[in-house]
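Trainee: Could we go through this model together? I would like to know what stands behind each label we put on it.

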Protein chains: 2
Amino acid sequence: MMRLSKLTDYAVVMMVHMGQVNDLSSGDVTFTTARLSEDTGVPQPTVAKVLKGLSRAGLLRSVRGAQGGYVVERTADEVSIAEIIQALDGPIALTACVDGADDSCNVENLCGMRGNWNRVNDAIQSALGQVTLADMALTPMEFPVPDVPARAHGQSPSTSRGA
Amino acid sequence: MMRLSKLTDYAVVMMVHMGQVNDLSSGDVTFTTARLSEDTGVPQPTVAKVLKGLSRAGLLRSVRGAQGGYVVERTADEVSIAEIIQALDGPIALTACVDGADDSCNVENLCGMRGNWNRVNDAIQSALGQVTLADMALTPMEFPVPDVPARAHGQSPSTSRGA
DNA sequence: CGAAACAGTACCAGCATGGTCCTATATCTA
DNA sequence: TAGATATAGGACCATGCTGGTACTGTTTCG
């Protein structure tokens with residue numbers, strides 16, 4: 001469930017990547033979509049689409065023209081996952097019964113309790129808001145997840161294609 | 001983003017409804033899909049599909065044969081939104097890079113940090129786990145949302161077709 | 001034995017997502 | 001100034017998933 005879009009996934013990856021490169025160069029590196037495409041393996045047009053969204057949301061600054069590209073505006077610990085998600089997938093809303101829902105809610109019988117979804121959304125929003133890019137950049141493999149498929153509630157990092 | 005499936009939405013509505021009816025009758029009422037369809041306005045086959053999932057997950061008990069139907073197994077405050085979501089939409093996993101992803105992750109370059117999505121998922125899981133059906137059943141209309149379309153981040157209880 | 005009601009599966013339509021392409025615009029360099 | 005570079009913005013199409021339906025089987029009551 002709640003499979004967030006690939007675009008968002010890419011976005012996080014790219015933001016983390018840019019942050020890391022930026023760190024090494026200790027300066028504001030300008031990334032072209034071409035370079036990011038190489039670095040990540042994501043096709044160039046798609047990279048463009050992702051970065052466009054991020055830039056529109058203010059997470060990146062775009063520099064047009066020759067020698068142009070994208071520049072990160074904030075450090076990794078200043079950007080939350082929630083922001084990235086919202087930048088690409090729109091507002092965090094769990095139910096389909098959001099404002100635009102003209103005729104979705106004509107099933108009056110089952111509405112009436114719908115407003116309470118807000119609190120669910122808030123909970124999620126807050127949860128996502130607490131995870132920053134810096135968290136996502138933490139040591140890739142050095143996790144307390146041995147190769148034993150612990151599976152608390154599903155899903156181990158990479159192994160588990162066995163199923 | 002993260003639009004959870006309608007099925008899940010229906011599920012929550014039905015669970016809440018059954019809980020309320022159960023409360024009034026102070027007993028274990030047996031609900032047929034036909035009745036729930038009437039009560040909620042959701043087409044019968046769809047109701048069946050939803051309840052089947054819930055029953056398979058152990059949230060409901062099914063009684064086959066004549067006079068059969070579905071019976072709620074737990075009270076509203078014992079069932080979390082997370083459980084319902086998982087019952088219908090599968091495990092709560094935000095990224096597409098979950099276990100079954102054989103070739104999604106062959107873009108090795110961008111993987112390596114993917115494991116960290118787990119913590120995000122955990123955060124969400126925990127957030128959703130704290131909201132119970134009882135919470136969702138709270139006073140439908142008595143919310144600090146007047147009839148002015150305030151729309152903080154969308155969605156007012158029942159009005160909203162006005163748009 | 002027949003009716004009622006769930007179980008399971010297969011099937012189809014609609015729609016959002018993901019990805020591509022094209023054109024316009026801005027900037028740098030020669 | 002002219003050309004090259006690179007983003008901005010939007011349109012466009014294909015794929016896959018979701019939502020919904022129908023059909024058949026199985027269980028239980030009367």
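This is a predicted model: local features need pLDDT of at least 70, side-chain atom pairs count only at pLDDT 80 or more; totals for chains, interfaces and linings use all residues.

Mentor: Gladly. Of the 163 residues of chain A, 42% count as buried.

Trainee: Which elements does chain A have, and in what order do they run?

Mentor: Chain A has 6 helices and 2 strands, arranged α-α-α-β-β-α-α-α from the N terminus on. These are DSSP runs numbered from the N terminus, helices being H or I with at least four residues and strands E with at least two.

Trainee: Why is Asn22(A) called buried?

Mentor: Asn22(A) has a relative accessible area of 10%, which is under 20%, so the label is buried. Asn22(A) is found in helix 1 of chain A. Leaving out residues up to four places away in sequence, Asn22(A) touches Gly27(A), Asp28(A), Val29(A) and Val72(A); contact means heavy atoms within 4.5 Å.

Trainee: What about helix 1 of chain B: how does its span of 28 Å compare with the expected one?

Mentor: Helix 1 of chain B covers residues 6-25, and its 20 residues reach 28 Å from first C-alpha to last, close to the 28 Å expected. The expected span is 1.5 Å times one less than the number of residues. The buried residues of this helix include Tyr10(B), Val13(B), Met14(B) and Asn22(B). Just after the helix, Ser26(B) takes a positive phi of about 40 degrees.

Trainee: Why is the pair Glu73(A) and Arg61(A) called a salt bridge?

Mentor: A salt bridge is a side-chain nitrogen of Lys or Arg within 4 Å of a carboxyl oxygen of Asp or Glu. The closest N and O atoms of Glu73(A) and Arg61(A) are 3.1 Å apart, so the pair qualifies. The pair links distant parts of the chain, 12 residues apart: Glu73(A) is in the loop between strand 2 (69-72) and helix 4 (81-89) of chain A, and Arg61(A) is in strand 1 (residues 60-63). Side chains of opposite charge can pair when their charged atoms come close.

Trainee: Which residue does Glu83 pair with in chain A, and which in chain B?

Mentor: Glu83(A) forms a salt bridge with Arg74(A), the closest N and O atoms being 2.9 Å apart. In chain B, Glu83(B) meets Arg74(B) at 3.0 Å, N to O. Glu83(A) is partly exposed at 29%, and so is Glu83(B) at 28%. Over all chains the count comes to 6 salt bridges.

Trainee: Why does Lys52(B) have a polar contact with DNA strand C?

Mentor: A polar contact is a pair of N or O atoms within 3.5 Å; within protein, one must be able to donate a hydrogen and the other to accept it, and residues adjacent in sequence count only if both atoms are side-chain atoms. A polar side-chain atom of Lys52(B) lies 2.9 Å from a base nitrogen of DNA strand C, so the pair meets the cut-off. Thr33(B) has a polar side-chain atom 3.1 Å from a phosphate oxygen of DNA strand C.

Trainee: Where does Ala66(A) come in?

Mentor: A polar backbone atom of Ala66(A) is 3.0 Å from a base oxygen of DNA strand D. A backbone N or O atom of Ala66(B) lies 3.3 Å from a base oxygen of DNA strand D.

Definitions and conventions. Residues are numbered from 1 along each chain as its sequence is written. Chains are lettered from A and ligands numbered from 1 in the order in which they are written. Side-chain values use heavy atoms; hydrogens and water are left out. Buried means under 20% relative accessible area, exposed over 50%, partly exposed in between (1.4 Å probe, protein chains only).
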